[in-house]
Amino acid sequence: MKRIVTLQDISCVGRCSITVALPVISAMGVECGILPTAVLSTHTMFQNFTCRDLSDEIEPIADAWEKEKLSFDGIYTGYLASAEQCCQVEDFFERFRTEDGTILVDPVMADNGKLYPAFGSDFPSKMAQVCSRADIIVPNITEACFLTETEYRTEYDESYVRSLLEKLLKLGCRTAVLTGVSCDPDHLGVASLDRSGESFSYFTHRCPQCYHGTGDLYASTLMGGLMRGLGLGEALALAADFVVACIEATAEAPDARWYGAEFESQIPKLCAMLEMKLKKL
Ligand code: PXL
């Protein structure tokens, strides 16, 4: 069984970051270690939240793991608590990167044209450094604009998407995946480009609803799929189909919470979709 470690926060309530990554990646048959970057009472879209930065723990934990000769088939980073933590994560990559391992960076920092409240204007350039060391990065359109200093647009065409992907590759990563891509009102999806010029895109019908944590669901499922041996195109599609299933389940749930997508009820579907794709390999 493959083992990964994910570096992101624990938002105790809110269905995002580690509370999404652990159940999803475990359900996909991949061991998921965690290195929490911060503990928050909830994610930062709540009006009141606490946040304890765990930067001081990162190095001692990494030291102990190194002494134990632990290694990981993949490293997956999400929400980081500060610009300084970005540098610590880069160090972590250098210590734990392996020849065949995959480093996936979800540069969680912004949506709908705006940075999340906890981040200052110095954060995107630090996150760009983290991205430069990744194999795969999965920004949404807003994050891609911050990373590449591109004007954020709500309406765009394929050439805007292509130029964002090309600029993201120039950061230094091997593969750039852009999420939340929509070149027409009825469809939403993802587009990717790698250094060899290979590209994929995958679109589903657009769900009118919008829930927090869907980016984390997407990145976690993508990491799980890649670790199980799916090709990039199949893993991108699996993650998109799972997120749509979660959004639709949330929209139909009479007691749905406002703060996150109901992914729990869709885990059996995720496992079934994964098995179908694995059978075709
Ligand atoms: O879902 C991304 C995310 C993760 N962690 C924290 C957040 C957010 C988005 O707002 O606030 C703490």
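This is a short tour of a protein model, from its sheet to its ligand and then to one of its pockets.

The model is predicted, so local features need pLDDT of at least 70 and side-chain atom pairs count only at pLDDT 80 or more, while totals for chains, interfaces and linings use all residues. Residues are numbered from 1 along each chain as its sequence is written, and side-chain values use heavy atoms, with hydrogens and water left out.

**Stop 1: the sheet**

Show the cartoon and look for an open sheet of nine strands, in the order E3-E2-E1-E4-E5-E8-E9-E10-E11, with mixed pairing. Strand E3 (51-53) and E11 are at the edges with a single partner strand each, so one side of each has no neighbour in the sheet. Here strands (E, at least two residues) and helices (H or I, at least four) are DSSP runs numbered from the N terminus, and two strands pair if DSSP finds at least two bridges between them.

Now select residues 74-77 and 102-105: these are E4 and E5, which run parallel and are joined by four bridges. Gly-74 stands opposite Thr-102 in E5.

Next, select 187-194 and 199-205. These are E10 and E11, antiparallel strands joined by seven bridges. Ser-192 stands opposite Phe-200 in E11. The two strands form a hairpin with four residues between them, and Gly-197 in the turn has a positive phi of about 100°.

**Stop 2: the ligand**

Which residues come nearest the ligand? Select Asp-9, Ser-11, Thr-44, Tyr-79 and Asp-216, out of 13 residues around the ligand (a residue is near if one of its heavy atoms lies within 4 Å).

- Asp-9: an N or O atom in its side chain is 2.9 Å from a nitrogen atom of the ligand.
- Thr-44: a polar side-chain atom lies 2.6 Å from an oxygen atom of the ligand.
- Asp-216: a polar side-chain atom lies 2.7 Å from an oxygen atom of the ligand.

**Stop 3: the second largest pocket**

Select Glu-158, Val-161, Ala-191, Ser-201 and Phe-203, which lie nearest the centre of the second largest pocket, among 15 lining residues. A pocket is an open set of points on a 1 Å grid over the protein atoms alone, where a 1.4 Å probe fits, with protein on both sides within 12 Å along at least five of seven lines; lining residues have an atom within 4 Å of a point. Helix H6 (158-170), E10 and E11 each supply at least two residues of this lining, so your hairpin from the first stop comes back into view here.

Terms used
Polar contact = N/O pair within 3.5 Å; in protein donor to acceptor, adjacent residues only side chain to side chain.
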